[in-house]
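Welcome, and please open your viewer. We will walk through one structure together, a stop at a time, selecting something new at each stop.

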Number of protein chains: 2
Amino acid sequence: MSLTASSTPQGFSTFITNLGIRDTTEDFVFLRSDVPCVADGVFTQSLFAGPSVTISRQNLQNGQAQGIIIISKNANVANGAVGTADAEEIIQLVAQETGIAAENLAIASTGVIGRRYPIEKIRAGLVGMGQKLTSADFDLAARGIMTTDTVSKIAARQVGNAQLVGIAKGVGMIEPNMATMLAFFFTDAAISVNTLRQIFRSTIDKTFNCLSIDTDTSTSDSAVILANGLAGEVPEAEFAGALQEIAHELVLKIARDGEGATKVIEVTVDSAANYAQAKRVAKAIVNSPLVKTAVYGADPNWGRVAMAIGKCEDERDINPDQVVIRFDEVQVYPNTFQAENLEKLKEIMSQEKVNIHVSLNIGADVATVWGCDLTEGYVEINGKYST
Amino acid sequence: MSLTASSTPQGFSTFITNLGIRDTTEDFVFLRSDVPCVADGVFTQSLFAGPSVTISRQNLQNGQAQGIIIISKNANVANGAVGTADAEEIIQLVAQETGIAAENLAIASTGVIGRRYPIEKIRAGLVGMGQKLTSADFDLAARGIMTTDTVSKIAARQVGNAQLVGIAKGVGMIEPNMATMLAFFFTDAAISVNTLRQIFRSTIDKTFNCLSIDTDTSTSDSAVILANGLAGEVPEAEFAGALQEIAHELVLKIARDGEGATKVIEVTVDSAANYAQAKRVAKAIVNSPLVKTAVYGADPNWGRVAMAIGKCEDERDINPDQVVIRFDEVQVYPNTFQAENLEKLKEIMSQEKVNIHVSLNIGADVATVWGCDLTEGYVEINGKYST
């Protein structure tokens, strides 16, 4: 999609360029609001979180921000004190150039771990950037934050008179916990910091935190939202609904662009004792390499789904005799096999999005998670990347 | 390896045949001791454990057994009441044919989930089997329990005057919890049931329970040991040492034969707060698809090891500034990079067994776990198997 002028939130500007961090594609994205914003951010729980995460977490604690710096192709993680100093220097340089207080800036980085930024190139490239800001180009920003992504990920909705846009990136090292690889949301809606936090966190929890490409949690996961208020107040429920839709759309785009992926897998577990149980079982299924390869092979091998449920060994209230497994609406366990179903099942498994539906028949809670199939492409990409 | 007559424990006999369960290779193995044995078994924790597991768990509770039935190419899992009836019927048939009490028989099954045994063929094939037992051929038994294994797995040691032999199978759906896919140990040593249990369970915990091919826990994992006592008593420590060596050898054979695997990965985490922490961190590393593909690509990408440590989010006492990461003896983090190391690292990563060594520098506990690389071969095998 491309945003039109009328679907772009008011009062944002961007500076997007190549600083030569790894190659010649865009690798530096700065997004500024003309006025201070109500803001929130959620970040990776990784013990090896980099300085971009720790600084942004600190700077967003007061619920205010006016700009975000996003560096792609280098994660600036596991670089020790020099990595922290580099991140702080970049924040200071941007603050000086733009006149925004350093503590009102967030920063995010994505790319290879354990390699220092080419800091000389970044210093040189930022000179005069304050003068180079133009009215916000979110499409270009979505492309500028890509690493090995094959498509850019952007989604937008109108809420009352306000616009809400989200951009995201990520293809591998993705099982976010508290946030995804990188996702940013911008709106000109006016909203209180408490309402924003409550809506944002609950949305992330049901969308990005329900996504897993390969069970590997990134050191750099960050999701940030800025609301500058220029379009005035909007109905809260409508805002929450639009944010949920955008986040869901971005999650599906990430799953579809998963490294080597050919299909999206959506797993819904219902009638669970509680939401946490439903999500644990759904994650066990969507993360199983044997389920993922079965989906790749379009094989309705429900035995692997049973196996994945079975390995949730702490969920002792799950009774295999009460569990029901379906691919789309076709029941496969308990085995009510009818010959005409096999053709139907092969069709279902060949779709671009494969739905696995499990009923635990214990309680009333439900969770849906997303992932993708596991193909030779994932192995090829990750056997070669880096070093 | 092949066992010679002198390395075979006394007083065991076997009946190994093809019953046509899936194809024309051996699929039925029966091992009998001439006299009752002290015995122990540990089994999968899967919620979807099949009747073979539940019956064997029950029958071994008193620490006695005289024979084991092993059926390969069909797991008899998730078949409901008919699956349980089939397993019970097979036990009864073997009991009648051999004169061993049904409660002194264990049974194990491995293969596809959710398909019924061809029970008519099994009934026909077992007629007269009691007359067909010959002196034990453990090499043939090791081959008879294979499914998609490419090599048979057997190991043996002498302990005093006694012999100890172990056979195992497994290539995928392997992250055992309390036992591996299938492993069986036979000895003519005399040992008390309490000592055997203590030694057996601690050995399995440090060997098979430290193995992961693909994070997928089988519904059929079983490890059983039979000691018939015919060779008399042996030094306890020596017996424990020999069992540990055999189990370790079988674990490495399984890792090496992991589906599509080209390399074994051994991860040691030391100076941990406790053993459980060391094992959790080591498992996170050996299970990371990004670490596995890096090993496949012979890429010394230690950033992925740092990422995998980082995702152990509950281990809040791990401080990234104190962690040390090495490939073999070469330190890669904190980054003390020297040009001559790169060649050395590429050499290390190209070996058949890649050692990843992490020091947490918190306490004194250490754990070692084993796995294998992730290749296109794994995807090919599992995208095609079944249905």
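Which residues are linked with K253(A) in a network of salt bridges? Select R157(A), E245(A) and E249(A) along with K253(A), and you have the network on screen. Please keep in mind as we go that this is a predicted model.

**Stop 1: inside the network**

Zoom in on K253(A) and E249(A), whose side chains meet in a salt bridge at 3.9 Å, N to O. Both residues belong to helix α6 (residues 236-256) of chain A, and they sit 4 residues apart, about one turn of the helix.

**Stop 2: two pairs in chain B**

How many salt bridges does the structure hold over all chains? There are 28, so let us pick out two in chain B. Select R32(B) and D34(B): their closest N and O atoms are 3.3 Å apart. D34(B) is partly exposed at 44% relative accessibility, and R32(B) is partly exposed at 22%.

Now select E329(B) and K344(B), a salt bridge with its closest N and O atoms 4.0 Å apart. This pair links distant parts of the chain, 15 residues apart: E329(B) is in the loop between β11 and β12 of chain B, while K344(B) is in helix α10 (residues 339-349) of chain B. E329(B) is exposed, with a relative accessible area of 54%, whereas K344(B) counts as partly exposed at 33%.

**Stop 3: the sheet of chain A**

Go back to chain A and colour the strands of an open sheet, in the order β12-β11-β13-β10-β14. The pairing in this sheet of 5 strands is mixed. Why do β12 (330-333) and β14 (365-372) of chain A each have one side without a neighbour in the sheet? They stand at the edges, and each has a single partner strand. Neighbouring strands here are turned by 25° against each other on average, direction ignored.

Next, highlight β10 (residues 264-272) of chain A and β14(A), which run antiparallel and are joined by 7 bridges. For an example, select V267(A): its bridge partner in β14(A) is V369(A).

**Stop 4: helices on the sheet**

How many residues of α9(A) are buried? The count is 9 of 9, and among them are W302(A), R304(A) and M307(A). Show the surroundings, and you will find that these buried residues pack against α7, α8, β11, β12 and β13 of chain A, together with α11 (376-384) of chain B.

**Stop 5: two domains**

Finally, colour chain A by domain: domain 1 covers 12-244 and domain 2 covers 264-384. Their centres, taken over C-alpha atoms, are separated by 33 Å. Where the domains of chain A meet, 11 residues of domain 1 are in contact with 11 residues of domain 2. The area buried between them is about 1,000 Å², with 49% given by carbon and sulfur atoms. Select C210(A), S212(A) and I213(A), which supply 45% of the area that domain 1 buries against domain 2, more than any other three residues. Between these two domains of chain A, the count of salt bridges is 0.

Definitions and conventions:
Residues are numbered from 1 along each chain as its sequence is written. Chains are lettered from A and ligands numbered from 1 in the order in which they are written. This is a predicted model: local features need pLDDT of at least 70, side-chain atom pairs count only at pLDDT 80 or more; totals for chains, interfaces and linings use all residues. Side-chain values use heavy atoms; hydrogens and water are left out. Two strands pair if DSSP finds at least two bridges between them. Helices (H or I, at least four residues) and strands (E, at least two) are DSSP runs, numbered from the N terminus. Axes are lines fitted to C-alpha atoms, for helices over the stretch in contact, and angles run from 0 to 180 degrees between N-to-C directions. Buried means under 20% relative accessible area, exposed over 50%, partly exposed in between (1.4 Å probe, protein chains only). Contact means heavy atoms within 4.5 Å. Domain bounds come from an automatic or database domain assignment. Buried area is the accessible area (1.4 Å probe) that two parts lose on being put together, summed over both.
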